Amino acid sequence: MKDPALSFGAADAREERAAQLAATWTRRESGLFIVDPTRLNEHSNNVAYSAGQWPLAFGQDHTVSLIFEARTTKRPAFRRFAWLLINEPLPDEWALLGRPAGDRPGAGSISFAIANVQSFIEWLTARPGREDISEFRDITDGHLTDYVRHLQRKKITSGKKVESLTGLSYLWAYGAAGHLPDSDIVPKPAWLESRANLFSGSD
């Protein structure tokens with residue numbers, strides 16, 4: 001029989017971890033810049049965390065911006081996800097996708113990942129019944145499975161279909177590594193185990 005004291009101890013540890021993570025995000029969200037200025041090159045613009053657009057370095061002569069003005073991307077969870085993509089190396093969980101942990105996505109990959117998740121949320125909330133997904137943790141295994149079926153029916157290449165899932169894979173990896181609050185955690189996507197054959201024969 002499990003010792004009740006151990007259960008209480010584990011619960012206390014989880015609560016302490018949650019409180020520490022909440023405090024960390026409060027500091028980040030009240031900070032002046034979206035990224036440490038020493039990590040930016042001369043072609044980049046640094047802006048406040050609360051800004052409606054986050055310009056990112058992209059190549060040598062232009063920028064791509066993350067825009068948080070749409071109804072979907074106004075959610076605080078999108079900013080937290082974007083901040084991690086910009087500032088935190090990819091966690092060990094990312095190795096499941098064949099990419100070295102500690103790598104950093106480039107500006108184009110960051111923008112693409114945010115767009116991936118935005119497209120998924122917009123598809124999900126536009127379905128019959130108009131499910132209310134107020135937080136990422138409202139996403140279920142069933143939602144992810146249905147989205148794969150939706151992509152299977154789209155008239156795009158299998159490569160594009162796999163790429164359309166990348167943002168959700170990033171989101172899961174950061175959550176699984178403990179970088180996100182409980183409200184932002186999504187289930188582990190089944191395609192992480194079978195993505196190589198997920199859309200075979202659909203071209």
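Me: Okay, buried means under 20% relative accessible area. With that in hand, which residues of α6 are buried?

Reply: This is a predicted model, and in it the buried residues of α6 are Thr-166, Gly-167, Leu-168, Ser-169, Tyr-170, Leu-171, Trp-172, Ala-173, Tyr-174 and Gly-175.

Me: And how many of the eleven residues of α6 is that?

Reply: Ten of the eleven, so α6 is largely enclosed by the rest of the structure.

Me: What comes after α6?

Reply: Gly-178 follows α6, and its phi is positive, near 85 degrees.

Me: New topic: the largest nonpolar core. Which residues touch the most other members?

Reply: Those are Trp-54, Phe-81, Phe-120, Phe-136 and Ile-139, out of 47 residues in that core. Several elements each supply at least two residues, including α1 (4–29), β1 (53–58) and α6 (166–176). The largest share, nine residues, comes from α3.

Me: Why would nonpolar side chains sit together like that?

Reply: In soluble globular proteins, nonpolar side chains tend to be buried together.

Me: What does Ile-139 touch?

Reply: Not counting residues up to four places away in sequence, Ile-139 touches Phe-120, Ile-121, Leu-124, Ile-133, Leu-144, Val-186 and Pro-187.

Me: Back to α3, then. At what angle does α3 pack with α4?

Reply: The angle is about 100 degrees, and the two axes are 11 Å apart. That makes α3 roughly perpendicular to α4, because angles from 65 to 115 degrees count that way.

Me: Which residues meet there?

Reply: From α3 come Asn-116, Ser-119, Phe-120, Trp-123 and Leu-124, and they meet His-143, Leu-144, Asp-146, Tyr-147 and His-150 in α4. Sorted by class, this contact has five nonpolar, four polar and one charged residues.

Me: I also clicked on Ile-114. Is Ile-114 buried or exposed?

Reply: Ile-114, which is in helix α3, is buried because its relative accessible area is 5%, and the cut-off for buried is under 20%. Leaving aside neighbours within four places in sequence, Ile-114 is in contact with Leu-66, Phe-78, Phe-81, Ala-82 and Leu-85.

Me: How far is the C-alpha atom of Ile-114 from that of Gly-167?

Reply: They are separated by 6.2 Å, although the two residues are 53 residues apart along the chain.

Me: Last one: Lys-161. Buried or exposed?

Reply: Lys-161 counts as buried, at 0% relative accessibility. You'll find Lys-161 in helix α5 (residues 158–163). A polar atom of the Lys-161 side chain lies 3.5 Å from the backbone oxygen of Leu-151.

Conventions
Residues numbered from 1 in each chain as written. Predicted model: local features only at pLDDT ≥ 70, side-chain atom pairs only at ≥ 80, totals over all residues. Heavy atoms only, no water. Core = buried A, V, L, I, M, F, W, Y, C linked by side-chain atoms within 4.5 Å. Buried < 20%, exposed > 50% of the residue type's maximum accessible area, 1.4 Å probe, protein only. Helix = DSSP H or I, 4+ residues; strand = E, 2+ residues; numbered from the N terminus. Contact = heavy atoms within 4.5 Å. Axes fitted to C-alpha atoms, helices over the stretch in contact; angles between N-to-C directions. Parallel < 35°, antiparallel > 145°, perpendicular 65-115°, else oblique. Nonpolar A, V, L, I, M, F, W, Y, C, P; charged D, E, K, R; others polar. Polar contact = N/O pair within 3.5 Å; in protein donor to acceptor, adjacent residues only side chain to side chain.
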